[in-house]
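Morning, everyone. Please look at the model on the screen while I talk.

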Amino acid sequence: MNENNNNNNKGSSLIGLTREEIKDLLIKFDIPDQQINMRINQVWGWIYNRGVSSIDEMTTLSLDLREELKKHHNLDRPVIADEQTSEDGTKKWLLKFNDNSEIETVFIPDNERGTLCVSSQVGCTLNCTFCHTGTQRLVRNLSSQEIISQVVVAKDSLGEWSKEQRKITNIVMMGMGEPLYNFESVRDGILTMSDDAGLSISKRKITLSTSGIVPKIKMAGNEIGSMLAISLHATNNDLRNEIVPINKKYPIEELIEACRNYPVLSNSKRITFEYVMLKGVNDSEAEARDLVKLISGIPAKINLIPFNSWPGSSYECSDWDQIEKFGNIVNRGGYASPIRIPRGEDISAACGQLKSDTKKIRASEKYKKELAKIESKRIGRL
Ligand code: SAH
Ligand code: SF4
């Protein structure tokens, strides 16, 4: 267990508070207006640049201010309930929050880059048929603090604070959950990740992956401005309705139209279409050609994801030959089509394998409301 996990402290953690929230805090401590921005940057610098774990270490703040802050706040991280390292260097953390719910965060090192796969919800309501996360019964949204704390815990564990060389160079919102069903928290979290005084990771290196919540795609472009990945997985509505059921609400044509109009789209900021390769289901050469037609004109690349199996799933991964044939057709159609090599399979850390054992959530009032909201949306869709 991580020694920084001092969750017995009183008060709430400063990690992941937005600029506005820190400002509201500082105003209460009578910090003059003209000093506020400087103080926010100082607080963020200690948290995100230096990785301190106690308010006492924030020595550029006056002693009085530190003492006041300490009365109500701390720098607690979530508890690391489990940490595993794959033979290929991939790391997975099971993090436990105050209400005992658990999520997973994964770090994937790769030559020059290191990608952190961050969760946006406990579980997921969407039930894509090939995804293990979708089978988790209980779901709630993560707060922006819980989203940011995943990065902070990973940095603690990777020993990144003292290193000049960054290990985490990229963030993908591809862990557990549907990020666009938790829009505000994901937005606030990504804005703190990309802020120069925050985690200072360029928005070009942050990718939000969605199963296709069409009305939120434009908002994501305008209010978040990260790179976008779309979990497409099928080229016609009949099949997509079956494997990505949210398609019944937001069919392919509307999804593709939203992609064409994505505000942050250019040849240097292409959309990634993710396509999980399911043997005999969506992997024919005809479908590869349909895919090229479907996205024609959109600056994009296609990520072919070999299906990662999990206990009880009814699919098989396409044969390697077939994945290559599929990829070649897409390539000849003018789109890069890298095949995503599964990472961390031995520790069940690969795409779509994340599923915590959270069985019971001691829901606070806020979370009960969240659950009710999600449930009513789900009922509305049935
Ligand atoms: N909910 C979001 C982000 C999390 S899933 C979304 O669906 O986009 C991240 C990616 O993993 C998605 O493209 C998802 O479709 C894919 N995925 C899910 N289960 C998988 C599995 N078993 N094998 C391979 N990819 C999977
Ligand atoms: Fe949810 Fe994404 Fe899994 Fe679908 S693929 S169930 S949207 S996490």
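I'll cover the ligands, then the salt bridges.

A word on the source: this is a predicted model, where local features need pLDDT of at least 70, side-chain atom pairs count only at pLDDT 80 or more, and totals for chains, interfaces and linings use all residues. Residues are numbered from 1 along each chain as its sequence is written, chains are lettered from A and ligands numbered from 1 in the order in which they are written, and side-chain values use heavy atoms, with hydrogens and water left out.

Start with ligand 1. It is surrounded by 21 residues, meaning residues with a heavy atom within 4 Å of it. Among the closest are S231 and H233. A polar side-chain atom of S231 sits 2.6 Å from a ligand 1 oxygen atom. H233 also places a polar side-chain atom 2.6 Å from an oxygen atom of ligand 1. For E274, that distance is 3.1 Å. The protein buries 96% of the 530 Å² that ligand 1 exposes when taken alone (Shrake-Rupley method, 1.4 Å probe).

Now ligand 2. Around it we find C124, L126, N127, C128, C131, G134, G177 and S211.

On to salt bridges: a side-chain nitrogen of Lys or Arg within 4 Å of a carboxyl oxygen of Asp or Glu. The whole structure has 17. R140 pairs with E146, with the closest N and O atoms 3.0 Å apart. Is R140 buried or exposed? Buried, at 1% relative accessible area; buried means under 20%, exposed over 50%, partly exposed in between, with a 1.4 Å probe and protein chains only. E146 is buried too, at 9%. Finally, D56, E67 and K70 form a salt-bridge network.

How values were computed: Polar contact = N/O pair within 3.5 Å; in protein donor to acceptor, adjacent residues only side chain to side chain.
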